[in-house]
Amino acid sequence: MKPVIAALVVVVGTSSAWAQTQTPPPAPAPGSPAIFKSAADLAAVLNKATVNAGGMSSSNVTTTDQYRVSLVKRDKAAGALAHPGNTELLYIVEGAGTVITGGTIVPAANGKPASIANGVSQKIVKGDVVIVPAGSAHWFAAVDSPITYLEVRWLAPK
């Protein structure tokens, strides 16, 4: 993995193991030193990823009460969704496909996953960044080659 990924993680936090049922630890206080995650650290995290039936694997890099950083790999397209309360940054590490953002989610029906009406379609490739505002619909409509991305979710300001 490229050094830029490690540099991105340096600014976002500390490594911690926590269970989904526990309250995440607080984010480091202002003025705290940055924590460095090497490319090797990130590769090891991705190797531990859990795979779900939807062709996606995800592994946590770090989580606090203000943000979550994960490495995600998608082998196939997935249904549309939105994350109320979280702004999301996706840095594409590998792969290519099409992401659709904005618009309105069309619920899953007749065996087809949820999709988006009136969204903006964008081809994505290695090195691209996608920033999805809190509550905005987004959809990996096509996966041309398996897509791996660094995902950073922040709490949206209230």
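**View 1. The β2–β3 hairpin.** With three residues between them, β2 and β3 form a hairpin. This is a predicted model, in which local features need pLDDT of at least 70, side-chain atom pairs count only at pLDDT 80 or more, and totals for chains, interfaces and linings use all residues. Residues are numbered from 1 along each chain as its sequence is written, and side-chain values use heavy atoms, without hydrogens and water. Strands are DSSP runs (E, at least two residues), numbered from the N terminus. β2 and β3 run antiparallel and are joined by seven bridges; two strands pair if DSSP finds at least two bridges between them. Ser57 has Lys73 in β3 as its bridge partner.

**View 2. β3 beside β9.** β3 and β9 also run antiparallel, joined by eight bridges. Val72 stands opposite Tyr149 in β9. Six of the eight residues of β3 are buried (under 20% relative accessible area, 1.4 Å probe, protein chains only).

**View 3. The largest pocket.** The largest pocket holds about 350 Å³ of space, a volume being the space filled by probe spheres set on grid points joined across faces, edges and corners. On a 1 Å grid over the protein atoms alone, a pocket is an open set of points where a 1.4 Å probe fits, with protein on both sides within 12 Å along at least five of seven lines; lining residues have an atom within 4 Å of a point. Of the 23 lining residues, Met56, Ser58, Arg68, Glu151 and Arg153 are the closest to the centre of the pocket. β2 (56–63), β3 (67–74), β4 (86–101) and β9 (138–155) each give two or more residues to the lining, and β9 gives the most, with six.

Note on methods: Helices (H or I, at least four residues) and strands (E, at least two) are DSSP runs, numbered from the N terminus. Buried means under 20% relative accessible area, exposed over 50%, partly exposed in between (1.4 Å probe, protein chains only).
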